[in-house]
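Hi,

Here is the structure I promised to pass on.

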Amino acid sequence: MNVIRAIQLYVDKMIADAGPGMKMLMMDRETISVVSMAFAQSEMLQKDVFLFERLDSARSNERLKYLKCIVFIRPTRDNVLRLQRELRSPKYGSYYIYFSNIIPRTDIKSLAESDESESVQDVKEVYADYLPVNPNLFSLHIPTCLQALSWNPEALERATQGLVSVLLSFKFRPAIRYRSGSTAAQTLAKKVHETINKETALFSFRPPEDGAAPPLLLILDRRDDPITPLLNQWTYQAMVHELLTISKQRVDLSGVSGVPKDLKEVVLSTEQDEFYANNLYANFGEIATTIKVLMDEFQKKAHDQRKIESIADMKNFVETYPQFRKMSGTVTKHLVLISELSVQVGRQQLFEVSELEQEIACRADHSTQLQRVKRLVSEGKISLDNALRLVLLYAMRYERHANCDTSGLLKLLQDRGGRAHIAPRMLEYISTVARQELFNTVKITDAVKLTRNLIKELKGVENVYAQHECVLKGTLEEIVKGRPLDAQYPIMGNEVPFRRPPAEVIVFIVGGATYEEALAVHRYNQEGYRIVLGGTTIHNSESFIEEVLAATAGVPFKHSRSLQQFHQPPAGTA
């Protein structure tokens, strides 16, 4: 189960079907991202694809009849209309049309009527309607999916199409489960279930043999775990996304001082960058050590005696030896990234901030934590964004505590010019399930969970910056151990629940997944399980806060009436 490989196989098939000769690839705004996240441009050139165009942008009218045109677009009404215009006055010798999802037969008929010159050689569906982020992680790039805590209709439609595409690309007809109590998860589960039943011919895959359980599609809700996206991260990919932001595998470094011109924007792809693939889940300290080992090896070859002990020393070394840069290739790029992460960690005092975040997320110690949050927020040494996150974590953990002082903390934050109005919104966003289970505010009657919590407390923690475990980790544990799921995760439709654990699992989080959750999935896959994670988007703390604001717009304040003075943003802010 590898989402990048699934996309690559589809693209390879498209190119192979067009036969030998020079080809061009025509895409739309979304499919161009799908292809670029699976292949480098140089790889496409090796496949005789020499030209790339967007169907939905201005193009020249030059006739290029010697080129074969591979069209790879989403099956939207606008795209069909644009393609009809193209076929009425074709620029290229022949057209091979591939839609990234199910296309209505009426649209196929419209295209056939527009193809008066009979340029179209083939029309097919390929199920590549999602962004492959890591081998075990996909995104639908829907930045915000809820409005007034219910599905935005366009986002629901897009999420349904994306999930159906993932299922078809793996040839799965799954059992579908959703988080009990989540209307958003249930609604999406129902839409996917209806599509599968409607498209029975497409989903007529051979059932599992020997009475094995079918694959599982599990739909979860971000509102059940609003803690994970707010925490600072210390593994490489997650840290880059939190501090620098990864957008469709690209990181913008143009605002970083002293960055070489050719590194103003860098690409982070597990397919095109071996160092990145090997160190995706390595922690901050391990990455610096790995780069230092590579430099030590080069030093021996160059007979250089200088000591390299810090990240700054590494940077100076690269500037002195441009040939190391050539030899190491992508390592230089990662050194620039690590250097900037190191600067940010120091500037934002992230060790202290992260330790307190983890403490609030993992254990109750109201008096001590309140004083520490007060000190950090009021002193002004940490950024407003980090101050806000500490206050949000405190507000959620101690919402029902007798001495809760969220109001006092928000006043301190507001006095510094912070976005205090986000806290009441977060308290409206968090689900009932999260209120009950995240901080163990209700008595745990499940013996398994109670035992697990006790073991966790007794074991102690090796790393104070990685104490927190995302809710997904516990959920996956329930699944792979074959524990009963019906109460928390009802099955959609009339299917009889299997008692054996499924061999393949696709988890989809409405409201966005995180790289911390991708790490949890990766660890299970290392043990031999087959799990893929997807989300409406991939969040860092800033994008998650934007999601919360969009999802709670227009929602009446029920849980945060005591914070009335902070309900509205100050004039001139969002």
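First, some ground rules. This is a predicted model, so to speak from its record: local features need pLDDT of at least 70, side-chain atom pairs count only at pLDDT 80 or more, and totals for chains, interfaces and linings use all residues. Residues are numbered from 1 along each chain as its sequence is written, and side-chain values use heavy atoms, with hydrogens and water left out.

**The chain as a whole**

The secondary structure comes to 23 helices and 15 strands; these are DSSP runs (helices are H or I, at least four residues; strands are E, at least two), numbered from the N terminus. Of the 574 residues, 52% are buried, where buried means under 20% relative accessible area with a 1.4 Å probe, protein chains only. The chain exposes about 25,900 Å², and carbon and sulfur atoms supply 50% of that (Shrake-Rupley method, 1.4 Å probe). Among contacts (heavy atoms within 4.5 Å) between residues at least 6 apart in sequence, 79% join residues at least 24 apart.

In soluble globular proteins, nonpolar side chains tend to be buried together. Here the largest nonpolar core has 156 residues, and Phe-72, Phe-138, Trp-151, Leu-188 and Ile-219 touch the most other members. Helix α16 (residues 384-397) gives this core its largest share, 9 residues. There is also a second, separate core of 17 residues, including Leu-64, Cys-69, Ile-73 and Leu-83. A core in this sense is a set of buried Ala, Val, Leu, Ile, Met, Phe, Trp, Tyr and Cys residues joined through side-chain atoms within 4.5 Å.

The search of the whole structure finds 6 cavities of 30 Å³ or more. On a 1 Å grid over the protein atoms alone, a cavity is a set of points where a 1.4 Å probe fits but cannot get out, a pocket is an open set with protein on both sides within 12 Å along at least five of seven lines, and lining residues have an atom within 4 Å of a point. Points are joined across faces, edges and corners, and a volume is the space filled by probe spheres set on them.

The largest cavity has a volume of about 120 Å³. Its lining includes Arg-179, Asp-221, Arg-222 and Glu-517, and α21 supplies the largest share, 3 residues. By class, that lining has 5 nonpolar, 1 polar and 6 charged residues (Ala, Val, Leu, Ile, Met, Phe, Trp, Tyr, Cys and Pro count as nonpolar, Asp, Glu, Lys and Arg as charged, and the others, Gly among them, as polar).

The second largest cavity holds about 80 Å³. Here α8 gives the most, with 3 residues, and the lining divides into 4 nonpolar, 6 polar and 2 charged.

Helices α5 (105-114), α6 (153-169) and α7 (183-198) each supply at least two of the lining residues.

**A covered helix**

Finally, look at α18 (residues 422-429), where 8 of its 8 residues are buried. Among them are Arg-425 and Glu-428. The cover over α18 includes α16, α17 (406-415), α19 (432-437) and α23 (541-552).

Cheers

Definitions and conventions
Buried means under 20% relative accessible area, exposed over 50%, partly exposed in between (1.4 Å probe, protein chains only).
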